[in-house]
Amino acid sequence: MASNTPFTLKWGIMATGWIAETFTQDLLTNPATTRDVHDVRHEVVAAASSSSKQRAEEFLVKVKAPSSAKAYGSYHELVADPEIDIIYVATPHSHHFQNAMLALEAGKNVLCEKALTVTASQARKLVDMAKKKKVFFMEAVWTRYQPISIKVRELIQSGVIGPVYRVVADLSFGNDQPDGTVSFADTHRMVNPDLAGGALLDLGIYSLTWVFQTMYHLQKEKEKPKVVAAVQKYHTGADEATSIIVQWPQHKSQGIALTSLRLATGVDKENTGGPAIRIQGSGGEIHVTGPAYRPLQYKVIRGDAGGKIETVDFSIPKDPERDWGHGMFWEADECARCIRDGKKESESLPWEESLVMMEVMEEALKQGGVTYPDLITTDVFDAQSPLNTGKR
Ligand SMILES: NC(=O)C1=CN([C@@H]2O[C@H](COP(=O)(O)OP(=O)(O)OC[C@H]3O[C@@H](n4cnc5c(N)ncnc54)[C@H](OP(=O)(O)O)[C@@H]3O)[C@@H](O)[C@H]2O)C=CC1
Ligand SMILES: O=C1OC[C@@H](O)[C@H](O)[C@H]1O
């Protein structure tokens, strides 16, 4: 008989930056009152900063974590905490391989921020370790778990727009400056090669997510994609704009994934100007209004209904008590359900799909001549790497 008590997942937060703060606040929302979820709940057991214990303490106060939450001054201490079920890796992409491996080696389940790694080989090694340790491992592409994504995938599978032959998806930030820069300091993780900066790994991954979740993910027999890319390099060496054509010849389908730090997806900064994602089937289209990481509207335009348009709006629910809700809690709920049910990977974003997406991005960057330093591209784990110890 099913229990009425929700399954509790106990989290350890690795890093204390912007997304760590945002995600942890989502974890601390009440699933029942925020989003009508009653089967799982979350507990924040600890947070760790590679800079200092004090920073972790300040983080926990800022996110209004319960007083029981522990602060650690190192990632090593965090992964050694026996009370923690799952580690959320919220460091820059450059660090993901070493940090996620540190947690997997310690036998922890892991939710790792996007982009999963810098290279496909690193991602493969993480998957191998998750298999070896028999733990859950998932790339934190929160968009996949948002109700709008689930609904759009269902619509496509229902055949309402016929077979999908082309998807055009864009996530671009209009940051062009008169002085020729894209407004981020050269040291910022968005453009700094030492932190695996660049438009593709940070933003283009969402455009690719839409291409993949509407085509590759729904293929009954998976086909390896062909990749052609155009890459505009920024003066730091990272990519400031990347356009990728992904082709699946046997399925007669093509995806076009676009990203730029100079242009915005829409004419205004809110990206409301036009459909960020256009899903084209032989019987109609679905237009999704951006931003691609958290879109809030889709339109179905059916050819057989004389072009009639159905518009559906979504919103991000808030915890009334905390006055907070960002939309990352659905991926956290997915982690809880998978772990509760003994699953090692999520069906909405299987390991194999994360790996193929990493291969596509690696190939695109290779075609554009973008390279990253050895420290962050090595696929050899080193627990004492500065990426794990914080000794910068
Ligand atoms: N899903 C989403 O919507 C989003 C995902 N992201 C992803 O999350 C990751 C982190 O992004 P974000 O939170 O914006 O980044 P921040 O720069 O705000 O935070 C990164 C944190 O990582 C830790 N860190 C360890 N070493 C370094 C280093 N050498 N340089 C900088 N930080 C370091 C720091 O925490 P400490 O000192 O405590 O160890 C720092 O606070 C990226 O991979 C990004 O792609 C980002 C934004 C949105
Ligand atoms: O994942 C992300 O989504 C939101 C963006 O603002 C951020 O740069 C990116 O990392």
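**Core, ligand surroundings and backbone geometry of a predicted model**

T259 counts as buried, at 4% relative accessibility. Here buried means under 20% relative accessible area, exposed means over 50%, and partly exposed lies in between (1.4 Å probe, protein chains only). The model is predicted: local features need pLDDT of at least 70, side-chain atom pairs count only at pLDDT 80 or more, and totals for chains, interfaces and linings use all residues. Residues are numbered from 1 along each chain as its sequence is written, chains are lettered from A and ligands numbered from 1 in the order in which they are written, and side-chain values use heavy atoms, with hydrogens and water left out.

T259 sits in strand β10 (residues 253-260). Helices (H or I, at least four residues) and strands (E, at least two) are DSSP runs, numbered from the N terminus. The T259 side chain reaches the backbone oxygen of L171 at 2.8 Å.

The largest nonpolar core has 127 residues. Such a core is a set of buried Ala, Val, Leu, Ile, Met, Phe, Trp, Tyr and Cys residues joined through side-chain atoms within 4.5 Å. W11, Y88, F137, I279 and I286 have the most contacts inside the core. Helix α8 (residues 199-214) gives the most to this core, with ten residues. The core lies between domain 1 (1-145 + 317-391) and domain 2 (149-312), because both give residues to it. The domain bounds come from an automatic or database domain assignment.

Helix α8 also holds Q213. This residue counts as buried, at 0% relative accessibility. The Q213 side chain makes two listed polar contacts, one with the side chain of S149 at 3.0 Å and one with that of R153 at 2.6 Å. A polar contact is a pair of N or O atoms within 3.5 Å; within protein, one must be able to donate a hydrogen and the other to accept it, and residues adjacent in sequence count only if both atoms are side-chain atoms.

Ligand 1 is surrounded by 25 residues. A residue is near a molecule or strand if one of its heavy atoms lies within 4 Å of it. The closest to ligand 1 are T16, S49, S50, S51 and Y75. Oxygen atoms of the ligand take part in several polar pairs. An N or O atom in the S49 side chain is 2.7 Å from a ligand 1 oxygen. For G17, a backbone N or O atom lies 3.1 Å from an oxygen of ligand 1. For H96, a polar side-chain atom lies 3.2 Å from an oxygen of ligand 1. On its own, ligand 1 has 890 Å² of accessible area, and the protein covers 86% of it. Accessible areas come from the Shrake-Rupley method with a 1.4 Å probe; for residues, only the protein chains shown count as cover.

Around ligand 2 are W18, K114, F173, R189, M190, D202, L203, Y206 and Y293. Three of these side chains bring a polar atom to an oxygen of ligand 2: Y206 at 2.6 Å, K114 at 2.7 Å and R189 at 3.2 Å. The protein covers 84% of the 270 Å² of accessible area that ligand 2 has on its own.

Backbone geometry was also examined. Most residues other than glycine have a negative phi, and most peptide bonds are trans. K114 is joined to A115 by a cis peptide bond, with omega about -20°. A115 falls in the loop between β5 (109-113) and α6 (120-133). G290 and P291 are likewise joined by a cis peptide bond, with omega about 5°. P291 belongs to the loop between β12 (284-289) and β13 (297-302).

A15 is not a glycine, yet its phi is positive, about 100°. The loop between β1 (7-14) and α1 (18-27) contains A15. At 7% relative accessibility, A15 counts as buried. A196, another residue other than glycine, has a positive phi near 60°. A196 lies in the loop between β7 and α8 and is buried, at 0% relative accessibility.

G174 is also found in the loop between β7 (164-172) and α8. G174 is partly exposed, with a relative accessible area of 24%. From C-alpha to C-alpha, G174 and A120 are 29 Å apart in space, and they are 54 residues apart in sequence.
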